[in-house]
Amino acid sequence: MKLGFIGLGIMGKPMAKNLVKAGHDLTVFDFKEDAIKELVADGATEAKTGKEVAEKSDVIFTMVPNSPNVEAALFNEGGVAEGLTAGKTVIDMSSINPLASQGFAKRLAKLNVGFLDAPVSGGEPKAIDGSIAIMVGGDKDLYEKNKDLLEIMGGSVTYVGAVGAGNTTKLANQVIVALNIAAVSEGFALAKKAGLDPKMVFDAIHTGLAGSTVMDAKVPMMIDRNFKPGFRVDLHIKDLQNALDTSHALHVGLPLTAEVMEILQVVKNDGNGSDDHSAIAKFYEKINDLTID
Ligand code: NAD
């Protein structure tokens with residue numbers, strides 16, 4: 001099967017490498033020459049435009065930051081759409097606004113091109129070892145046809161509904177993670193101000209009802225003052241903005257998401273946008289004049 005991949009960043013590069021490793025004929029494009037060179041050294045073919053990727057591929061994957069980047073990759077001059085012919089498939093794996101995914105699907109359907117939204121969860125290490133979780137929206141038959149390809153990149157691949165459902169699922173995930181980090185930060189700020197040792201508090205509660213994957217992953221980072229990403233504050237702001245845009249369009253109230261969004265803005269305004277999202281703790285440290293360590 002001839003495959004194409006656009007967007008060779010933190011996540012896209014290792015995902016594309018896994019497709020090459022599995023023996024697929026892969027054509028790649030990114031604005032960054034270095035990333036293309038690395039893939040070519042692994043056996044991929046370089047393209048100069050998205051159009052060229054689409055001309056040479058049956059299935060084209062995109063993995064870029066946000067909705068406008070996907071739109072540009074697909075529909076700008078020299079973009080994927082110019083190289084597509086009927087029967088080809090585009091699979092967008094970026095985390096974007098689900099309403100934008102639905103719009104892209106409609107525009108591609110006019111070319112008789114199928115579209116799946118298939119965002120992922122799990123960071124760079126999981127992209128490298130092929131164990132990311134992939135949530136997929138779109139036509140069920142199209143999903144079944146491409147499931148094997150997705151399984152090369154993911155440890156779990158789950159169909160969640162019509163087009164846009166993949167990104168709605170991902171937004172729900174991002175809302176839950178952000179609120180959980182804020183909840184953990186709030187609890188540990190209280191304990192620290194009361195004079196307790198955060199490490200002892202962690203040992204006491206992380207296996208109880210308050211325990212979570214977030215608590216296990218992020219509290220040790222807070223205690224060690226290690227805010228190396230991981231998942232950047234800037235990207236989480238992007239996801240919560242997409243969650244709020246979607247909730248406003250659907251007339252759903254997300255009051256806690258709006259609150260944590262403002263906390264993330266303060267963290268960013270303080271110069272910490274490139275920190276891991278566990279830096280939400282820094283907001284609580286600032287307003288309470290303490291450090292959780
Ligand atoms: P990144 O910024 O590292 O990489 C994006 C890449 O896309 C860059 O190399 C950029 O040059 C390229 N690009 C952008 N627009 C392009 C275009 N029009 N044509 C060609 N190339 C283009 O981002 P990332 O961390 O790999 O994240 C990608 C997506 O995956 C985002 O939506 C992010 O939210 C999501 N995600 C990231 C993580 C993570 O831990 N980093 C985890 C899960 C999901």
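**The ligand and its surroundings in a predicted model**

Good morning. I begin with K238: one of its polar side-chain atoms lies 2.7 Å from an oxygen atom of the ligand. That pair qualifies as a polar contact, by which I mean two N or O atoms within 3.5 Å; within protein, one must be able to donate a hydrogen and the other to accept it, and residues adjacent in sequence count only if both atoms are side-chain atoms. The protein covers 92% of the 840 Å² of accessible area that the ligand has on its own, with areas taken from the Shrake-Rupley method with a 1.4 Å probe.

Please keep in mind that this is a predicted model, in which local features need pLDDT of at least 70 and side-chain atom pairs count only at pLDDT 80 or more, while totals for chains, interfaces and linings use all residues. Residues are numbered from 1 along each chain as its sequence is written, and side-chain values use heavy atoms, with hydrogens and water left out.

The backbone also takes part. A polar backbone atom of P65 is 2.7 Å from an oxygen atom of the ligand, and for V64 the corresponding distance is 3.3 Å.

Which residues are the closest to the ligand? They are I10, M11, D30, P65 and K238, out of 25 residues that surround the ligand, each with a heavy atom within 4 Å of it. By class, this shell has 13 nonpolar, eight polar and four charged residues. Here Ala, Val, Leu, Ile, Met, Phe, Trp, Tyr, Cys and Pro are nonpolar, Asp, Glu, Lys and Arg are charged, and the others, Gly among them, are polar.

Why does the ligand lie between two domains? Domain 1 (2-162) and domain 2 (168-288) both give residues to its shell, so the ligand lies between them; the bounds come from an automatic or database domain assignment.

An unreviewed UniProt entry places the feature "domain: 6-phosphogluconate dehydrogenase NADP-binding" at residues 2-161; such annotations may be inferred rather than shown by experiment. That span is 42% helix and 25% strand, where helices (H or I, at least four residues) and strands (E, at least two) are DSSP runs numbered from the N terminus.

Two residues complete the picture. F5 lies in strand 1 (residues 2-6) and counts as buried because its relative accessibility is 0%, the limit for buried being under 20%. V113 sits in the loop between helix 5 (98-109) and strand 6 (114-117), and V113 is also buried, at 4%. Thank you.

Technical notes: Buried < 20%, exposed > 50% of the residue type's maximum accessible area, 1.4 Å probe, protein only.
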